[in-house]
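My notebook is open and I have a protein model to look through. Here is what I looked up, step by step.

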Amino acid sequence: MSSPSKRRDMDLMKLMMSDYKVEMINDGMQEFFVEFRGPKDSPYEVGVWKIKVELPDAYPYKSPSIGFVNKIFHPNVDELSGAVCLDVINQTWSPMFDLVNVFEVFLPQLLLYPNASDPLNSDAALMIRDHATYEQRVKEYCEKYAKPEDIGAVEDPDSSEDELSEEDSYASSDDAIVGQPDP
């Protein structure tokens, strides 16, 4: 059996090789951010979140701490702290799981199947009864808080959107007004 530090290093490397963008915090390998995209065919699919991951010294025998950095509207995610209420991470974690499981299975399942009976965000839990209103609020949060630029991601230079010419990049006087609070 390998040591927890070797397993931590191996799981982190596996996560990086699974095409997740990982940003290390400090010099250690115990705290980092992961770019997470919402699951397809869900109201979250347009969202991109920065997830903070903290691995305890006893990882994989103890679960990682997972939290959303940018806001998300979901009954099982605290809107202010980003803390996640997910049984498999908080209570039933097993050393058989790894970080790829968290991002490819656990978090997508959480977003696809919210549990309104165990909420951290009671507003979302109450609103989930009206599915159309709930989905609309989720989409509003994605548009407002979960775009690539909200997490510091840089758009792919090979994207299909046309780039602005140097002349077009200067803001007009009308553009300066956009986004300003009303007096």
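Is C142 buried or exposed? I found 2% relative accessibility for C142, so C142 counts as buried (buried means under 20% relative accessible area, exposed over 50%, partly exposed in between, with a 1.4 Å probe and protein chains only).

Before going on, I noted that this is a predicted model, where local features need pLDDT of at least 70, side-chain atom pairs count only at pLDDT 80 or more, and totals for chains, interfaces and linings use all residues. Residues are numbered from 1 along each chain as its sequence is written, and side-chain values use heavy atoms, with hydrogens and water left out.

Next I looked up C85. UniProt, in an unreviewed entry, places the feature "active site" at C85; such annotations may be inferred rather than shown by experiment, and the positions follow the numbering used here, with feature names shortened. C85 counts as buried because its relative accessibility is 16%. I found C85 in the loop between β4 (65–68) and α2 (87–90) (helices are DSSP runs of H or I with at least four residues, strands runs of E with at least two, numbered from the N terminus). Setting aside neighbours within four places in sequence, I listed N76, N90, L110, D118 and L120 in contact with C85 (contact means heavy atoms within 4.5 Å).

Then I looked at the whole chain. I counted six helices and four strands, in the order α-β-β-β-β-α-α-α-α-α. Of the 183 residues, 37% count as buried.

Last, I checked for disulfides and found zero (a disulfide is a pair of cysteine sulfur atoms within 2.5 Å).
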